[in-house]
Amino acid sequence: MTPSIMKPSSDLDSEKQRAAMKAAEYVRDGMVVGLGTGSTSKHLIIALGERVRAGLRIHAVPTSHDTAALARQSGIPLIESDNAWMIDVAIDGADQVDPALNLVKGGGGALLKEKIVAAAAKRFIVMVDHTKLVPALGGSFPLPIEVVPFGWGSTARNIEHTSGGKAVLRERNGVVFQTEAGHVILDLHMPKIDDPATLEIELNQIPGIVETGLFIGRTSILIVGHAQGADVTLAAES
Ligand SMILES: O=C(CO)[C@H](O)[C@H](O)COP(=O)(O)O
């Protein structure tokens, strides 16, 4: 069955859909597109699939098995090779966005591939509903950190020592959550992340950490869906 534009199930979902429809406008014929993961990215993939079936020629790099499956189902050709990609634009959702357009990502557990794809792209477009905008990262949403399973408890203790936060091993339905790369996720609870750039540097020194969900200075364009449409903000240097 070919996916078609879904009826949004809630106001927030319709904000996500409007943000995704706006983001899809940045995709042009001949582009290589990085496809994010999550409910907002699903709207994007469905919108791009409709355009592909109408003649748009693009190739895509997916950031998860779920995204790859939906893209295939939607008729979007995927790049299967891991040779260096020339990604024109990567488009993804986020869990939190601060006023400097720094992000927390990884709520869906795909942060490692998402960061690799964002880093390989000339432009990184972030699409969110209004609830993702926060005055400071942290607080209501924990920072996902992907770590190797070996010694995760000691890694968690080091993370807590470095950050002052509380690191909790992610589980789903009573089972330890495993990423597509075979790692686990520690969700780091901090009342507020005062200096995200410094925290990212400090966390990256800890053995066992594969990647953090902090996306610092990577956003080129932010698109926020609202009741009537979507607002676009360009990052200072984009
Ligand atoms: O980082 C992510 C997955 O790892 C998602 O982009 C993030 O969780 C936002 O998801 P949604 O679009 O469902 O709100």
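Tutor: Before the first question, a definition is needed: helices (H or I, at least four residues) and strands (E, at least two) are DSSP runs, numbered from the N terminus. With that numbering, L78 is found in the loop between helix 3 (65–73) and strand 3 (87–92). Please keep in mind that this is a predicted model.

Student: How many helices and strands does the protein have?

Tutor: The elements are counted as DSSP runs. On that count, the protein has 6 helices and 15 strands.

Student: Why is the protein described as being as compact as a globular protein of its length?

Tutor: The C-alpha trace spans about 55 × 35 × 35 Å along its principal axes. For 238 residues the globule rule gives 18 Å, and the protein is as compact as a globular protein of that length because its radius of gyration is close to that value, at 17 Å.

Student: What average pLDDT does the protein have?

Tutor: The predictor gives the complex an ipTM of 0.98 and a pTM of 0.95. Residue by residue, 95% score at least 70, and the average pLDDT of the protein is 95.

Student: Into which domains is the protein divided?

Tutor: The bounds come from an automatic or database domain assignment. The division gives domain 1 (11–131 + 217–234) and domain 2 (143–212).

Student: Which helix gives the most to the side of domain 1 that touches domain 2?

Tutor: The centres of the two domains, taken over C-alpha atoms, are separated by 25 Å. Their contact takes 11 residues from domain 1 and 11 residues from domain 2. On the side of domain 1, the residues divide into 3 nonpolar, 6 polar and 2 charged. With 4 residues, the element that gives the most to this side is helix 4.

Student: Which helix supplies the largest share of the shell around the ligand?

Tutor: Of the 18 residues around the ligand, those that come nearest are G38, T40, G93, G107 and G108. At least two residues of the shell are supplied by each of helix 2 (39–53) and helix 4 (111–119). The largest share, 3 residues, comes from helix 2.

Student: Is L78 buried or exposed, or something in between?

Tutor: A residue is buried if 20 or more other C-beta atoms lie within 10 Å of its own, and exposed if 12 or fewer do. Leaving aside neighbours within four places in sequence, L78 is in contact with A60, P62, A68, A71 and R72. Because L78 has 14 other C-beta atoms within 10 Å, its class is partly exposed.

Student: How far apart in space are L78 and V32?

Tutor: In sequence, L78 and V32 are 46 residues apart. From C-alpha to C-alpha, their separation in space is 9.2 Å.

Student: Is K192 buried or exposed?

Tutor: K192 has its place in the loop between strand 11 (184–189) and helix 6 (196–203). Not counting residues up to four places away in sequence, K192 touches A136, G138 and G139. K192 has 10 C-beta neighbours inside 10 Å, so its class is exposed.

Student: How far apart in space are K192 and L137?

Tutor: Along the sequence, K192 and L137 are 55 residues apart. Their C-alpha to C-alpha distance in space is 6.1 Å.

Key
Residues are numbered from 1 along each chain as its sequence is written. This is a predicted model: local features need pLDDT of at least 70, side-chain atom pairs count only at pLDDT 80 or more; totals for chains, interfaces and linings use all residues. A residue is near a molecule or strand if its C-beta atom, placed from the backbone, lies within 6 Å of it. Two residues are in contact if their C-beta atoms, placed from the backbone, lie within 7 Å. Ala, Val, Leu, Ile, Met, Phe, Trp, Tyr, Cys and Pro count as nonpolar, Asp, Glu, Lys and Arg as charged, and the others, Gly among them, as polar. The radius of gyration is taken over C-alpha atoms; the globule rule is 2.2 Å times the number of residues to the power 0.38. pLDDT is the predictor's confidence in each residue, from 0 to 100.
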